[in-house]
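Hi everyone, thanks for coming. Please have a look at the model on the screen, and then I'll walk you through a few local details.

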Amino acid sequence: MSKIQLYSLATPNGIKASVALEEMGLEYDAHKIDIMKGDQFTPEFIKINPNSKIPAIVDPDGPGGNHAVFESGAILLYLSEKTGKFLSKDAKLRSETLQWLFFQMGGVGPMFGQFGHFYKYAKDKCDHPYPVERYTKEAKRLLAVIEKELERKTFLVGEEYSIADMSIFPWIICLDKFYEANEQLGLDKFQNINCWIDRILKRDATKRGLEVCAI
């Protein structure tokens, strides 16, 4: 079997793909795409992802041969279906896993990203309080949804680690690691989330995935 080619950077979205590859035991080559230098806009990368975003993969053993997949959620789903791992075959659990995956894609990622942009990166461009207030409120709301879901549960969908967890936890750790928003969002108060993160970060494969294409 030929190696999957990963094009990524260790951002929250990039981490999803590398963690999945490590957890699923797939052989791959990692290529760092430095988005600060504009690597994502090269003609070579645009052939893989016309949207010029990381991560992206090319699977030499995919349908039709070299098969490119972009969008982190689509990559997680593709790799799960390829390996039969981290996405339950039970119809109910599969549906729940996909719901949380789309919850991340439609809510957590965009809203946390906007929060981080205005809270940390746009301070010198926008001094109006509204954006930070708006996205702080929404980030806290989404955290509360996750906190509630994790009551008396090991992972988001029952007792098994899944692509739902892989999709969301990188955005949670980003809030503190990249955005330095622990105090702003009261992250220490979300006890269920913090315990869940601790469980995830004890996984050797996940820890390896966090270091791939490091910033």
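Where does P55 lie? P55 is in the loop between α2 (43-48) and β3 (56-62); helices here are DSSP runs of H or I with at least four residues, strands are runs of E with at least two, and both are numbered from the N terminus. The peptide bond from I54 to P55 is cis, with omega near 0 degrees.

A word on where this comes from: it is a predicted model, in which local features need pLDDT of at least 70 and side-chain atom pairs count only at pLDDT 80 or more, while totals for chains, interfaces and linings use all residues. Residues are numbered from 1 along each chain as its sequence is written, and side-chain values use heavy atoms, with hydrogens and water left out.

Back to the backbone. Most residues other than glycine have a negative phi, and most peptide bonds are trans. E71, in the loop between β4 (65-70) and α3 (72-83), has a positive phi, near 75 degrees. E71 is partly exposed, with a relative accessible area of 35%; buried means under 20%, exposed over 50%, and partly exposed in between, using a 1.4 Å probe and protein chains only. E180 also has a positive phi, near 50 degrees, and is found in the loop between α6 and α7. At 55% relative accessibility, E180 counts as exposed.

Now to the aromatic rings. Rings of Phe, Tyr and Trp (its six-membered ring) pair if their centres lie within 6.5 Å; planes under 30 degrees apart are stacked, over 60 edge-to-face, and the rest tilted. That rule gives eight aromatic pairs. One of them is F115 with Y119: the centres are 5.1 Å apart and the planes at 15 degrees, so this pair is stacked. Why are they about one helical turn apart? Because F115 and Y119 are four residues apart in helix α4 (residues 91-121). Both F115 and Y119 are buried.

Next, Y121 and Y179 make an edge-to-face pair, 6.2 Å centre to centre with 80 degrees between the planes. Y121 lies in helix α4 and Y179 in the loop between α6 (163-177) and α7 (182-185), so this pair ties together parts 58 residues apart in sequence. Y121 is partly exposed at 46% relative accessible area, whereas Y179 is buried at 9%. F115, Y119, Y121 and Y179 form one aromatic cluster. K123 lies over the face of Y119, 5.2 Å from the ring centre; that label needs NZ of Lys or CZ of Arg within 6 Å of the ring centre and within 35 degrees of the ring normal.

What about cysteines? The structure holds zero disulfides, a disulfide being a pair of cysteine sulfur atoms within 2.5 Å. For C126, the nearest cysteine sulfur, that of C174, is 19 Å away. C126 is partly exposed, at 27% relative accessibility. For C174, the nearest is that of C213, 17 Å away. C174 itself is buried, with a relative accessible area of 1%.

That's my tour, so over to you for discussion!
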